[in-house]
Amino acid sequence: MKNVATVNVDRGPIPWTERIYLGPIVRGLGVTLRHFLRNVFGKRDVATIEWPEVKRQYSERLRGRHILTTKDDGSLRCVACYMCETACPANCITIVAEEDPEAPVEWEKRPLLYEIDLLRCVFCGFCVDACPKEAIIMSRQHEMAFSERSEAVVGIEELRQKGPIEDEDLGYRPYF
Amino acid sequence: MRQPDGSSSFLTTRVDAMLGWVRKNSLWPLPFGTACCAIEFMSVVSSHYDLSRFGAEVVRFSPRQADLMIVAGTITDKMAPVVKRIYEQMAEPRYVISMGACACTGGFYRAYHVVQGVDEFIPVDVYVPGCPPTPEALMHGILKLQDMIQNGETQHDRLKHGKPDTTATAG
Amino acid sequence: MTVSSTESPTQRPPLADPFPEGSVAAVEQAADGHTVLTVDRSHLLDVLRRLREKPELACDLLADVCGVDYPDREQRFDVVYHLGSLEHGHRFRVKVPLGEDDPVVPSAVGIWKAADWFEREAFDMFGIRFQGHPDLRRILTHEAFHGHPLRKDYDPSQRWLLTEKDTMAPRWATEDQPDDEHMDTVVLNLGPSHPATHGTLRTVVRLDGEHIVKAECEIGYLHRCFEKMSETHGWQQVIPYTDRLNYCSSMINGVGFALTVEKMLGIEAPPRAQVVRVILSELSRIMDHAVCLGANLVDLGALTNFWYFFQIREEIYGLLEKCAGGRLTVSYARIGGLAHDVPADFEDEVRKLLDSIPKFLDDVETLVTTNRIFRDRTEGVGVISGEEALAWGWTGPCLRASGIPYDVRKAHPYMGYENYDFEVPVATTGDTYARYLVRMEEMRQSLRIVRQALDNLPDGPVITDDHHVALPPKEKVYTEMESLIWHFKLIFEGIPVPAGEAYGFTEGANGELGYYVVSDGGGKPHRIKVRPPCFAIYQAFPKILEGLMIPDAIAILGSLNIIAGELDR
């Protein structure tokens, strides 16, 4: 058994150099003045991002609004297996399945209804992790606002991938 | 001043537009921050995002000095009377942004002590999804509210002109 | 007082029969290193007192008191006490089985002050009555609530509405004045909506002139039912919920939970995952201390520091977003490892942080540490002695500011913390200034750990390949039938955690963050009890306040770093 390595951070009584108050206040003003001058004249490393004109570099894994990906022929990749619905901690996904009439095999399913309540969603990415078909991925589109709760329940048409996948603002996906 | 057919006169429309412009550019937010979203709200007012660029940096914790209530965080049944009281203490016109999944709908807390959306007891103008929403998302919500104020589409305007309140579901 | 450091997580205590004949029904060495004693309630106080007072046991820390409901058992409830000895490094778990019709146990408040709120919580959640408790009433739920929500037969979504006329002040606040002198006292309500309470804390104080003569805290304004929610979700799905416990340092919570469940499963995360977890946990600790000190300084009028501290946070957010995809609530840890490997530029990004964070810390130190106004305002304010703090169940930076160097990373190393060279900052004065100094130094020590961890970042996988636990890699799911079946089973049935229980504890940003996890062998947890460090710290707050002034209360509250998400869960 050994004692833990500790470092004592006590500073003891205030020494006279600090008691007269002048030194620390001048040094403190120096710090703020340095920041001020650097922001005004020096290197333009101002912290503020001029959003919405300038956007910061978002992560490629940013978890934003969902995208339902499509196959080459434009139909959804989703096979309505309910895995995302099961994995979702918020239960914000609603799926109603129907039989896919165009499928080569008889029992293939597709979603008749696929709704996500974006206001319930906690953007944890578990649906993406759960999907065995890469049918649901996330975009970096995170600037959303609604004036009514019903607007936030989005269905297949709103979620469907709009063009080639490269054109989408891709965020959280199964592999990178 | 109303015309006989119910529409507003030229003068009052101009005054309304002017008032809307003034109001939208000097929002005084009251951050009703309870949880994680409050931390993101701190990011919005700090140097990286700097809400003052939109004229809304004068954060006031007194409801009597604020006109925009940002409900940031989970509201529980225990907290609900407090939120309602504070909303009622705000002077009109007053606006509400519900920030984040919990405040909007209860989020993934479908639970015995969590309000399933603050619109159960106060009217909400803008819902911002996210858990928590990114600072950009909240600022986007504030910009949307500014547009709504300018165009007279807020809950306050709806109530003033006698249109039914579309979101408040319970008193 | 010395705190021991041991190689094994917990030491086996000497049990040379310190208890009288027949008082302990069963003794068992649990797999998590705890000694589990099953005690009948008639002997409970005797056993607890011996555990505290016998020098060879010396359990000075009451970490947690909680209830567990087993509806199928004849004696339906268990009351579980988690005890620890700082001196010997051993841990005890004392269980008292209780029947449904008479759930009464004697209160342990006389032995550890810390038992106060923990027992109130067990009463609120399970209806277990603690005889002799000074103020046994609901703590997390509200006055109009009926029933006990964590009982298994309580519907998780059954709400009870509270109206304003039901809310009440503490009983003494409405009582008539004691007619002691010619001056009246005034009752003042601070919070829950008050700029200095950071959300949801409420304190009612009675003032005599400017001095606080009595104070009481009311909590539960952010009780979001984490524990009930975790019982209705699968093991892996609990991770997003843990993020929202202490949301200022969400990574640490997820890691703590994952470690506990890994302990029950008997697996370990791969080395690379361990090191990444250490790096991100320590950066989260810096974030947490940054927001604590930043907000504390704002309350004291030093606004500039808030901007500097938030720049630190923004830069760490950037890194977390790169790794996990979320800024604040990362959901990055998984049972068995991490959700994904870190991005390719991870090392460069962390090194950039290692360069930039000290600059901001230096700026704040220059502005604040030697500033006489700040020192005069905080020195000697909110003093608590080490013994007193420990009796209240304090851990973490606040305890270390009172001179007790208890740090879980040193005392019970996990995730390889024994391999890192760092020191535990300790102050002796136990006041607000000391807590500031300890947190500042801890940030620098965390940077030290990050630097060492980064130098030794191993290659390899970041999640276990046991497909009972972790989802198989996606490319295999798309192509191989077997992996698809594993994937399917894991999503629909969850992780088969073997029946049993474990208490896992890590050093959270505020102190010992414990998870007491009970599994019944199913895909969902049977019970998860979080031991939130804030909870123990905040219950001592009213006692510290007595005799001080309102501005002092603000300064102290900020320095304790009470995070409502963790306090109320």
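**Stop 1: where chain C meets chain B**

Start by colouring by chain and selecting the boundary between C and B: 50 residues of chain C are in contact with 39 residues of chain B. Keep in mind throughout that this is a predicted model. The area buried between these two chains is about 3,800 Å², and carbon and sulfur atoms give 64% of it.

Now show the polar side of this boundary. Between chain C and chain B there are 17 residue pairs in polar contact, counting pairs with both residues at pLDDT 80 or more. On the chain C side, the elements that give two or more residues are helix H4 (226-231), helix H5 (238-243) and helix H8 (303-324). Pick H8(C) if you want the one that gives the most, with 7 residues. Sorted by class, the side of chain C that touches chain B has 28 nonpolar, 13 polar and 9 charged residues.

Salt bridges come next, and the rule finds 4 across the interface of chain C and chain B. For one of them, select Arg327(C) and Glu40(B): their closest N and O atoms are 2.8 Å apart.

**Stop 2: where chain A meets chain C**

Hide chain B for a moment and turn to A against C. Here 53 residues of chain A are in contact with 66 residues of chain C. About 4,800 Å² is buried between the two, with 56% of that from carbon and sulfur atoms.

To see what chain A brings to the side that touches chain C, highlight the elements that give two or more residues: strand E1 (2-3), strand E2 (6-8), helix H1 (16-19), helix H2 (22-40), helix H3 (83-87) and helix H4 (126-130) of chain A. The largest share of that side, 7 residues, comes from H2(A). By class, the side of chain A that touches chain C has 31 nonpolar, 9 polar and 13 charged residues.

The rule finds 4 salt bridges across the interface of chain A and chain C. Zoom in on Glu321(C) and Arg56(A), a salt bridge with its closest N and O atoms 3.1 Å apart.

**Stop 3: stay on Arg56(A)**

Bring chain B back and keep Arg56(A) selected. The side chain of Arg56(A) also meets that of Glu136(B) in a salt bridge, at 2.9 Å from N to O. This pair crosses between chains: Glu136(B) is in helix H5 (residues 135-151) of chain B, and Arg56(A) is in the loop between H2 and strand E3 (66-68) of chain A. Buried or exposed, these two, Glu136(B) and Arg56(A)? Both are buried.

**Stop 4: salt bridges within a chain**

Over all chains, a search of the whole structure finds 63 salt bridges. Arg110(A) lies in strand E5 (residues 109-117) and Asp100(A) in the loop between strand E4 (93-99) and E5 of chain A, so the pair ties together parts that are 10 residues apart in sequence. Arg110(A) is partly exposed, at 27% relative accessible area, whereas Asp100(A) is buried, at 15%.

Then jump to chain C and select Glu282(C), Arg285(C), Arg400(C), Asp407(C), Arg409(C), Glu442(C) and Glu507(C), which are linked in a network of salt bridges. Within it, the side chains of Asp407(C) and Arg409(C) meet at 2.8 Å, N to O, and both residues are buried.

**Stop 5: the nonpolar cores**

Last, show the largest nonpolar core, which has 252 residues. Those with the most contacts inside this core are Tyr114(A), Leu51(C), Tyr81(C), Phe346(C) and Trp394(C). Its largest share, 13 residues, comes from helix H7 (residues 271-299) of chain C.

Centre on Tyr114(A) and look beyond its neighbours within four places in sequence: its contacts include Leu68(A), Cys78(A), Ile95(A), Ile136(A), Val154(A) and Leu159(A). To finish, select Ala145(A), Leu27(B), Ala137(B) and Leu138(B), which are among the 29 residues of a second, separate core.

Terms used:
Residues numbered from 1 in each chain as written. Chains lettered and ligands numbered in written order. Predicted model: local features only at pLDDT ≥ 70, side-chain atom pairs only at ≥ 80, totals over all residues. Heavy atoms only, no water. Core = buried A, V, L, I, M, F, W, Y, C linked by side-chain atoms within 4.5 Å. Buried < 20%, exposed > 50% of the residue type's maximum accessible area, 1.4 Å probe, protein only. Helix = DSSP H or I, 4+ residues; strand = E, 2+ residues; numbered from the N terminus. Contact = heavy atoms within 4.5 Å. Buried area = accessible area lost by both parts, 1.4 Å probe. Nonpolar A, V, L, I, M, F, W, Y, C, P; charged D, E, K, R; others polar. Polar contact = N/O pair within 3.5 Å; in protein donor to acceptor, adjacent residues only side chain to side chain.
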